[in-house]
Structures are given as structure tokens and as C-alpha cells.
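Subject: Structure handover and findings

Hello,

Here is the structure we discussed. Please look it over first, then read the notes below.

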Amino acid sequence: MIRFRRRKRRKVPALNTTATADISFMLLVFFLVTTSIDSDKGLNRTLPAMPQEQTEQTMDVSERNVLRITLDQNDSLRCAGELVTPRQLQERIVAFMAEADPQQHVLSIQADRHTSYDAYFSMQNAIVAAYRQLRDDYARKRFGLPLEQLTGEQHDSVLSHLPQRISEAEPEG
């Protein structure tokens, strides 16, 4: 009689993956700690098209229609020589525009080369907010609607009545 021997099934040894999970976790923490995510900052501006001829536009403006804004190397914001916050700057621009000729006004900005970007952007944001407020008030008074709800022609009418006239002087030093 022939006897068959039963073969013992050998078990495949399992891999110890405990160390793999630990290493993966440490690599994840390492990359999270060492990676920096920069947030882009910038000004949302649409520049006018380049003229065919390189000519500078000059305009004679009365001193009472000029509001001087300066930003020094210590990020001190001044409006007409007085120290102000960005919120106060916005209020000053609105008050200035109420007295000045809307077609002849100029905001004269002078920022030091060592001014921080945050201070410069907060000043620019205050200027944009002031113009937005002025234009919205004018649109409500003239058309009875906020600026965002105007038709294209009405919107253009408001923008032409209250144009942004900003002059940035070269920094000193």
C-alpha cells in the first residue's frame, strides 16, 4: 500500500509594517514643518493701454485740490502732515472729495523705499475703499441704485464723474 505523506503547509512569514507606518508619519510631519506656503498679495489694477506716442500728461491743479499722503520707512501713514490710520485715511479722502472738484482732484502719494508691503497695501486698500464708497454714494444719489446694480452706461457715467486721480511721486532717498 502506498502511503502519501501529508505535506505541511508552510506559512509565509508576515512583514512587520509597524516601522513603515512610523516612518511615513515622520516624513509627513517633516514635510509639513519644512514647507512654506506663500500667499500672493497684490493690487488689483487695470493699467491703461500704452499710448502710441510716449507723451506725459500734465495738468495744472490748484493746491486746494491736492491731498498729500506719505508713508515713511517706519510705516507711519500721514495725510496732509497728520499721522492717521488706514481707516482715518479713508474718511479723510471722502471728506476731501466732498470739498474738492471731482474732475480736478489729485491724491499725491509718496512712499519711502523701505516701507513694508503690508503698510503700502493697507494704504492702497484705504484709497480704493474711499473711492468705492464715494462712487456708491453718487450712484445711489443719481440713479437710486448701488454701484453694483447699475447698467454698463450708468456705471461708466459714475466712473467718469469720479475718476481716480492718483499721482505717485518718486521716493526720497
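A term first: a residue is buried under 20% relative accessible area, exposed over 50%, and partly exposed in between, with a 1.4 Å probe and protein chains only. By that scale D75 is partly exposed, because its relative accessible area is 32%.

Now the provenance. This is a predicted model, in which local features need pLDDT of at least 70 and side-chain atom pairs count only at pLDDT 80 or more, while totals for chains, interfaces and linings use all residues. Residues are numbered from 1 along each chain as its sequence is written, and side-chain values use heavy atoms, with hydrogens and water left out.

**Overall layout**

The chain has four helices and five strands. Helices (H or I, at least four residues) and strands (E, at least two) are DSSP runs, numbered from the N terminus. In sequence order the pattern is α-β-β-β-α-β-α-α-β. The chain has 173 residues, and 25% of them count as buried. Contact here means heavy atoms within 4.5 Å. Take the contacts with a separation of 6 or more: residues 24 or more positions apart account for 69% of them.

**Two helix pairs**

Two packed helices are described by the angle between their axes and the distance between the axes. Axes are lines fitted to C-alpha atoms, for helices over the stretch in contact, and angles run from 0 to 180 degrees between N-to-C directions.

Start with α2 and α3. Their axes come within 8 Å and cross at roughly 40°. That makes α2 oblique to α3. The classes are these: angles under 35 degrees are roughly parallel, over 145 roughly antiparallel, 65 to 115 roughly perpendicular, and the rest oblique. The crossing of α2 and α3 is right-handed. A crossing is right-handed if the near helix is turned clockwise from the far one by less than a right angle, and left-handed if anticlockwise. On the α2 side, the contact residues are P86, L89, Q90, I93, V94 and M97. They meet S122, M123, A126, I127, A129, A130, Y131, Q133 and L134 in α3. By class, this contact has 12 nonpolar, three polar and no charged residues. Nonpolar covers Ala, Val, Leu, Ile, Met, Phe, Trp, Tyr, Cys and Pro; charged covers Asp, Glu, Lys and Arg; the others, Gly among them, are polar.

F121 also sits in α3. F121 counts as buried, because its relative accessibility is 16%.

Next, α3 and α4. Helix α3 spans residues 117-143 and helix α4 spans 152-161. They pack at an angle of about 125°, with axes 10 Å apart. That makes α3 oblique to α4. The crossing of α3 and α4 is right-handed too. R135, Y138, A139, R142 and F143 in α3 meet Q154, S157, V158, L159 and H161 in α4. Those residues divide into five nonpolar, three polar and two charged.

**D136**

Which backbone nitrogen does the side chain of D136 reach? That of L147, at 2.9 Å. D136 is in helix α3. D136 is buried, because its relative accessibility is 15%. Leaving aside neighbours within four places in sequence, D136 contacts P146, L147 and E148.

N65 lies in the loop between α1 (18-34) and β1. Is N65 buried or exposed? N65 is buried, with a relative accessible area of 5%. Not counting residues up to four places away in sequence, N65 touches F96, A100, D101, Q104, H105 and V106. N65 and F96 are 31 residues apart in sequence and 8.3 Å apart C-alpha to C-alpha.

Q104 is in the loop between α2 (86-99) and β4 (106-111). Q104 is partly exposed, because its relative accessibility is 29%. The C-alpha atoms of Q104 and R165 are separated by 8.2 Å, and the two residues are 61 apart along the chain.

**Two positive phi values**

D75 is not a glycine, yet its phi is positive, about 65°. D75 lies in the loop between β1 (66-71) and β2 (77-79). A80 is not a glycine either, and its phi is about 55°. A80 is found in the loop between β2 and β3 (82-83). A80 is exposed, with a relative accessible area of 53%.

Best regards

Technical notes
A polar contact is a pair of N or O atoms within 3.5 Å; within protein, one must be able to donate a hydrogen and the other to accept it, and residues adjacent in sequence count only if both atoms are side-chain atoms.
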